[in-house]
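Here are a few friendly notes to read alongside the model. Keep the 3D view open and look for each feature as you go.

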Amino acid sequence: MTLVAFSGAVQLGLILSLLALGIFIVYRILGVPDLTVEGSFAAGASVSAVLTVSGRPFMGLVAAACMGVVAGMCTAFLQTKMRVQPILAGILTMMASFSVNLYIMNGRPNIPLLREETLFTILATRFGSIQAARFVLPLVVVLISVALLGVFFHTRLGLAVRATGDNEEMCRASSINTTFTKFVGLAIGNALAALGGGLIAQYQGFADINMGFGMVVVALASLIIGEAIFGRRTMLWNIGSVVVGAVIYRIIWAWAFSFRIDPANLRAISALIVAVAISYPAIKNMCAVYKLKRNAKKRARGRYHA
């Protein structure tokens, strides 16, 4: 793998870590199997692209996060008020967001940004290098997001959101409005996912209506890699491990594709990488059990010969 490929993998990993953080909030903290983030990711990309074309790239990121908040609140409304199953509520919102994204993009399936002024090109004029801008901007956005999440989840509201995911019935018995905490958690999670979509649209120079396809699996793989390597400790530690896990996943992906692979096999190789990443905890556990059994057999044989 070349240095350029490694640098690009780190940059994309930082951007996609925002999506992984969104999955971390809705899946790990709230304990909700939410698929809304796929629609939020694409919605953030489409809004960011439209506003970038109109000459407002920074507002594109702000609007992208707002779109994620709206999508998350729609899913929370279906879950809490309409009593729709969580996974079905996410699918419904994701399906609806497809039409909304097409409307935002004026019926076009994609919007090119190659000749438009993005936040990356603006920073490139100051840093003197587009590669430096592509590294610094995602890093700054991720660090700010991690810091804000670390502070939020130690506030009273943040603790209530965490408690809702741990034991919803007990929270209700403690007079905590679990409906409101679900709204907050899903809104924040989808805002981060949409922010990642808005950032990656400006990074790659285009927005596509299908950009969110399969992103949930990628984010889950990043989440599991981070937890498998660093474990689960404090909240800030867990948040940081998600970011590092996303970067490691992209590095693994770039390394695998550094070999000359037939384009027809790209999807299969991607699926294999994700499957191995998700299965890593189970594989690690099986290896530990096998090691214990082997050591037990050795001890048993030693006693028998003695």
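1. Start with the overall layout. This is a predicted model, and the protein is divided into domain 1 (3–261) and domain 2 (265–306). If you mark the C-alpha centres of domain 1 and domain 2, they lie 33 Å apart.

2. Now look at where the two domains meet. How many residues of domain 1 are in contact with domain 2? There are 12 residues of domain 1 in contact with 12 residues of domain 2. Between them, domain 1 and domain 2 bury about 1,000 Å², with 83% of that area on carbon and sulfur atoms. The count of salt bridges between domain 1 and domain 2 is 0.

3. Salt bridges do turn up in this model, and the count comes to 5. In general, side chains of opposite charge can pair when their charged atoms come close.

4. Finally, turn to helix 5 (residues 119–127) and helix 6 (residues 130–152), whose axes come within 8 Å and cross at roughly 115°. The crossing of helix 5 with helix 6 is right-handed. Residues of helix 5 including Leu119, Phe120 and Phe127 take part in the meeting with helix 6, where the partners include Ile130, Val136 and Leu137. By class, the contact of helix 5 with helix 6 has 11 nonpolar, 1 polar and 1 charged residues.

Notes
Residues numbered from 1 in each chain as written. Predicted model: local features only at pLDDT ≥ 70, side-chain atom pairs only at ≥ 80, totals over all residues. Heavy atoms only, no water. Axes fitted to C-alpha atoms, helices over the stretch in contact; angles between N-to-C directions. Helix = DSSP H or I, 4+ residues; strand = E, 2+ residues; numbered from the N terminus. Left-handed = near helix turned anticlockwise from the far one by under 90°. Contact = heavy atoms within 4.5 Å. Nonpolar A, V, L, I, M, F, W, Y, C, P; charged D, E, K, R; others polar. Domains from an automatic or database assignment. Buried area = accessible area lost by both parts, 1.4 Å probe. Salt bridge = Lys/Arg side-chain N within 4 Å of Asp/Glu carboxyl O.
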